[in-house]
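Colleague: I have a model open and would like to learn how to read its features. Could we go through them one at a time?

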Amino acid sequence: MAQLQKGRNFIAVIGDEDSVTGLLLAGTGHINADQQKNYFVVDARTETSAIEKTFDEYTSRKDIAIVLINQHVADKIRYRVDNYTAAFPALLEIPSKDHPYDPEKDSVLKRVQRLFGDS
């Protein structure tokens, strides 16, 4: 397990402008030598294909330990989020200012409930 997390130093975020801005102000922003950012702002005009591409990029990068995604954004690519099973980077759904958290949609919580037999 320690080998899997070696070199994973960053948190990536896919979310609305307020969520991304807050996390950037908290110091999570990074642009690597290849000009790859660890944040992606989603708005009403953002195409689902762009969200999918960013999700695939962040979940395959070896320098990212955690991917945070607004739950309402995750809903747009729910099939990908629900099928993501890798330990690293960890995937966490977070609420946004305009969209409250719904535990019924959270893929991680659903997996934990299945593990412990809760329905």
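Colleague: Which residue meets Arg-61 in a salt bridge, side chain to side chain?

Modeller: First, the ground rules. This is a predicted model, where local features need pLDDT of at least 70 and side-chain atom pairs count only at pLDDT 80 or more, while totals for chains, interfaces and linings use all residues. Residues are numbered from 1 along each chain as its sequence is written, and side-chain values use heavy atoms, with hydrogens and water left out. Now the general idea: a salt bridge puts a side-chain nitrogen of Lys or Arg within 4 Å of a carboxyl oxygen of Asp or Glu. Here, the partner of Arg-61 is Asp-63, at 2.9 Å from N to O.

Colleague: Are Asp-63 and Arg-61 buried or exposed?

Modeller: Buried means under 20% relative accessible area, exposed means over 50%, and partly exposed is in between (1.4 Å probe, protein chains only). Asp-63 has 17%, so Asp-63 is buried. Arg-61 has 7% and is buried too.

Colleague: How many salt bridges does a search of the whole structure find?

Modeller: Ten. Take Arg-45 and Asp-43, whose closest N and O atoms are 3.2 Å apart. Arg-45 is exposed at 72%, whereas Asp-43 is partly exposed at 34%. Some residues join up further. Asp-75, Arg-78, Asp-82, Glu-93 and Lys-105 form a network of salt bridges.

Colleague: Which salt bridge does Asp-56 form?

Modeller: Asp-56 pairs with Arg-80, with 3.5 Å between the closest N and O atoms. This pair links distant parts of the chain: Asp-56 is in helix H3 and Arg-80 in helix H5, 24 residues apart. Asp-56 is partly exposed at 33%, and Arg-80 is partly exposed at 28%. As for the labels, helices (H or I, at least four residues) and strands (E, at least two) are DSSP runs, numbered from the N terminus.

Colleague: What span does H3 reach, and what is expected?

Modeller: The expected span of a helix is 1.5 Å times one less than its number of residues. H3 has 13 residues and reaches 18 Å from its first C-alpha to its last, close to the 18 Å expected.

Colleague: Which residues of H3 are buried?

Modeller: Ile-51, Glu-52, Thr-54, Phe-55, Tyr-58 and Thr-59. Their arc around the axis is only 165°, so they are on the same side of H3. That arc is taken from the directions from the helix axis to the C-beta atoms. The buried residues of H3 pack against S1, strand S2 (39-41), S3, H4, H5 and S4.

Colleague: What is Thr-54 in contact with, leaving aside its neighbours within four places in sequence?

Modeller: Contact means heavy atoms within 4.5 Å. With those neighbours left aside, Thr-54 touches Ile-14 and Phe-40. Thr-54 is buried at 8%.

Colleague: Where is Ala-12 found?

Modeller: Ala-12 sits in strand S1 (residues 10-15). Ala-12 is buried at 0%. Beyond neighbours within four places in sequence, the contacts of Ala-12 include Tyr-58 and Val-67. From Ala-12 to Thr-54 there are 42 residues in sequence and 10 Å in space, C-alpha to C-alpha.

Colleague: How many aromatic pairs does a search of the whole structure find?

Modeller: One. Rings of Phe, Tyr and Trp (its six-membered ring) pair if their centres lie within 6.5 Å; planes under 30 degrees apart are stacked, over 60 edge-to-face, and the rest tilted. Phe-55 and Tyr-84 have ring centres 5.9 Å apart and planes at 80°, so this pair is edge-to-face. Phe-55 lies in helix H3 (residues 48-60) and Tyr-84 in the loop between helix H5 (78-83) and strand S4 (90-94), so the pair ties together parts 29 residues apart in sequence. Phe-55 is buried at 3%, and Tyr-84 is buried at 10%.

Colleague: How many residues does the largest nonpolar core have?

Modeller: A nonpolar core is a set of buried Ala, Val, Leu, Ile, Met, Phe, Trp, Tyr and Cys residues joined through side-chain atoms within 4.5 Å. The largest has 15 residues, and Ile-14, Phe-55, Val-67, Ile-69 and Leu-91 have the most contacts inside it. S1, H3, strand S3 (64-70) and helix H4 (71-74) are the elements that give two or more residues to this core. Leaving aside neighbours within four places in sequence, Phe-55 is in contact with residues including Ile-14 and Leu-91.
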